[in-house]
Amino acid sequence: MLNIVIDGNKVKAEEGSTILENVQALKIDIPTLCHHKELTPFGACRLCSVEVKTNGKWQLATSCNTPVESGMEIATSSDKAKESRKAAAQLLYYKYPETQAVKEIAQKLGVDVSPEVAEGHDCILCGLCVRTCQEIVGVGALTFQDRGRGRDNDEPKIIFDPNVCIGCGSCAYVCPTGYVQMETDGDRRIIWDKVFKMVPCPVCGRFFAPEDQLKYISKTTGVPFSELATCVDCR
Amino acid sequence: MNKVAFSSWNGKVVDNRNGKAAKDVAVNFPAPGGKVALMMGWGGLVATDSKADIPSLTVGYLKEARKISCGECSVCMIGIDRLLDIMGRMADGQGSKADLSEMQVIVKQVSANSKCSFGQSALYPVLDAVKYYKADFVALITGEKKLNGKEYQSTVTAPCMDACPAGLDIPGYIELIKNNRFEESLSLIRQDCVLPGVIGRTCTHPCEDACVRKDIDESLSIRLLKRAAADFDLANGAKPFGAPAKEKEEKVAIIGAGPAGLAAACQLRLKGYGVTIFESLPHAGGMAAVGIPDYRLPADILTHEIDLIKRMGVEIKLNTKIEKLSIKDLKKQGYSALFVAVGAHQGNRIGVEGEDEGYEGFVDGVKFLRDMNLGIKIEPVGKVMIVGGGNVALDCARSCVRLGFKNVEIIYRRSLAEMPASDEEIEGAKEEGISIRFLSVPVKIIAKNGKVTGAECIKMKLGKPDESGRRRPVPVKGSEFTVKTDMIIAAIGQRPELPTMDAMVETTAWGTIQADPATMATEMEGVFAGGDCVSGPATLIEALNMGNRAAEGIEAYLNGNAPAEQVSFAGVDLAKQRGQGLVVKCPAADVDFLDPKKRSGGFEEVEGGFIAAQATQEARRCLRCYRVVVWE
């Protein structure tokens, strides 16, 4: 265990844990848009910034991807930390004013927002879907494209590889803005414009999973497809 | 030193606009020839003319910065968009003075809260512009001035890119690996490095020495990331080079299929020219084939990458030694230009008594490696002594271990600190039981019945630094000693063996060809030269770069155009940046090395590579220290 200080209080922190984990354990509310506790921290939204004192110097750091160090002092609600979180929210709201999740967080952080209902579903490049597909599902059907040099002024975006996607829908589940949409209707599921064939349970008849997903599970776990083809309730 | 009207470079403000005695400021302008009137870059704003149009320059700069911003974190790219929108509003007569304070707030917030070094540093010059040229921005708001809409010249670099002899877009290909786009990463690498698998294994990686992370925790493993992109491609179908957009009529002859020749061939072929390479040895690859042993560079990696170049339509004529080079004959055969890249394959004399006696057991290092790589059987003897301290000496010594020599000793006239061989090589040699005798030098070869039996040596001490900056070794009187050895390998450098030419090509005192460093053009019209035969023994990546330059130079020559000017950042401290966020310490990812016990008796590759997941993890450590500059 390491000794750290959060907002003036001495706290014991586990080695390798992040600032955000320790701050959240104290029930201090830090906003996040790109964070999920099961995924590698990404530090994209910059909404979880706090002030950190290391080597005698206070500096901003995103709490989600900064591990604690022994003796670290953390200020979660200093003026500088609050201003910085608000500024990040302001910029996100400037770019995606129609997206409810962004608008809510911006409002919470003190940004003046329009009273009109936000009905857009923009991709805010938080990368939750990309990381989920890579780290949890293990498929890697989603990647970022047009980042950095050589793309000129193309907008960065997420690229979907229909050849490897198994149609599990995890990306739609984690998406905070509703950009990733999934539609399941009887024997069909549509996600990222790809149509997947759903498998009916031979016992109850319910279309419970895409065929490609069951094949993938069978391949990675070695369980025969025939065993997986029955839904969990009826097994 | 340049006289300036205003400079805020690196945050040091010099303002001579009010007409007082002008102060000089030391700013090295990153531009061709250093002739710059106006510049905005990561370090600040510099103007030589007090009436310079700074608001227009600011827009020009922001547009270029927008291209480098990756959009991974929420503040940088959106911040730049917001700044450009505000500037646009001002130009449309809809701005207000409040916009100027908002611009300053945005710059400060983006700089303090960006994820990468680019975002943390890139916007400071905008802050300087708004602060020190406020009246000009106000004039824009009031409509007294307009934006000029000019396209400024611009360049992008980074400490690693600038350190790379071939100027590879290192942060760019690392970013693609980070985003799991290995294929595109390799395409980007190939633009400037046609042998990525070879360079990914053998490069001396000056980029890693320049990496900003070096002083924080550890440099990025840039070389291994390049290798990962190449390995990934090899394991996933080996993508060929693209076809030339348009075939051209002209043909180019290249002498020497080493890294310089191959790079020029590949680049010229991509431009649509017909290319024939004449190679004297039975294998293509030059020093990469016959100088570097397989445990560092497996032959199949090189063969594969040469095959890709051949598949583009580059013809390689092996076993074709050009002893006498006749430009007229080549022109008659239909070649419009010639690139000489014959390398430096002739070992230097060590200057000891007995060297020219033809003793059995005395050999020069490059010949030793060449024979070995060409498959000539080398029988191990009791003891071998290698003279020299460079990578060739180390390659010889470590190869001897693999050939079954039991007693391998390196003798070097200076100390470890001055040893030019790379640290990895010295470390590897020690692991393999090779001993190094420092501060000693042989003065006479002892032989019996024409066979080497030992060497008379003398101890050295370090004197004053010589022209290389290293301390000159001086013999210690009366310290002579004798070493028994059955073989001596002299590895103290190489020089080119040039073909005779029908017209004079200027050569230097070191026997190398003189060529323009930008275009590789020689004094003789239509004849270009590059690689070790121009630079003297250098690295593969330097040779590749000379091949790339020659391809550009030859294209310009054949089209009758002036070659493109090169932007130089010489003397500019690229590591310095005005905003540096907190960097969490995280050491570089490790790779496995072959167990030292398994290294003798075979030439299995010693160093392992990253698997894809390790590569993406390592790529995430990149701080993205891109530096953008616009100027006129």
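Biologist: What distance separates the centres of domain 1 and domain 2 of chain A?

Modeller: The model is a predicted one. Chain A is divided into domain 1, residues 2–96, and domain 2, residues 128–234. Taken over C-alpha atoms, the centres of domain 1 and domain 2 of chain A are separated by 32 Å.

Biologist: How do the residues on the side of domain 1 of chain A that touches domain 2 of chain A divide by class?

Modeller: The contact draws seven residues from domain 1 of chain A and seven residues from domain 2 of chain A. On the side of domain 1 of chain A that touches domain 2 of chain A, the division is four nonpolar, two polar and one charged.

Biologist: Which element of chain A supplies the largest share of the side that touches chain B?

Modeller: The contact between the chains takes 30 residues from chain A and 27 residues from chain B. On the side of chain A, at least two residues each come from strand 3 (49–54), strand 4 (57–62), helix 2 (79–95) and strand 6 (142–145). By class, this side of chain A has 14 nonpolar, eleven polar and five charged residues. The largest share, seven residues, is supplied by helix 2 of chain A.

Biologist: In the open sheet of five strands in chain B, which strands stand at the edges?

Modeller: The strand order is 14-22-15-16-17, with parallel pairing. Strand 14 (362–364) and strand 17 (435–437) of chain B each have a single partner strand, so one side of each is left without a neighbour in the sheet. The edges are therefore strand 14 and strand 17 of chain B.

Biologist: Which residue is the bridge partner of B:Val387 in strand 22 of chain B?

Modeller: Strand 15 (residues 383–387) and strand 22 (residues 487–490) of chain B run parallel and are joined by four bridges. In strand 22 of chain B, the partner of B:Val387 is B:Ala490.

Biologist: What angle does the direction of helix 18 of chain B make with that of strand 16 of chain B?

Modeller: Helix 17 (residues 365–373) of chain B packs on the sheet, touching strand 14 and strand 22, and its direction makes about 85° with that of strand 14 of chain B. Helix 18 (residues 391–403) of chain B also packs on the sheet, where it touches strand 15, strand 16 (407–411) and strand 22 of chain B. With strand 16 of chain B, the direction of helix 18 makes an angle of about 170°.

Biologist: Which helices are included in what covers the buried residues of helix 9 of chain B?

Modeller: Helix 9 (residues 182–192) of chain B has several buried residues, among them B:Phe182, B:Leu186 and B:Arg190. Their cover includes helix 8 (170–178), helix 10 (196–202), helix 12 (222–235), helix 21 (540–559) and helix 22 (612–619) of chain B.

Note on methods
Residues are numbered from 1 along each chain as its sequence is written. Chains are lettered from A and ligands numbered from 1 in the order in which they are written. This is a predicted model: local features need pLDDT of at least 70, side-chain atom pairs count only at pLDDT 80 or more; totals for chains, interfaces and linings use all residues. Domain bounds come from an automatic or database domain assignment. Two residues are in contact if their C-beta atoms, placed from the backbone, lie within 7 Å. Ala, Val, Leu, Ile, Met, Phe, Trp, Tyr, Cys and Pro count as nonpolar, Asp, Glu, Lys and Arg as charged, and the others, Gly among them, as polar. Two strands pair if DSSP finds at least two bridges between them. Axes are lines fitted to C-alpha atoms, for helices over the stretch in contact, and angles run from 0 to 180 degrees between N-to-C directions. A residue is buried if 20 or more other C-beta atoms lie within 10 Å of its own, exposed if 12 or fewer, and partly exposed in between; C-beta atoms are placed from the backbone.
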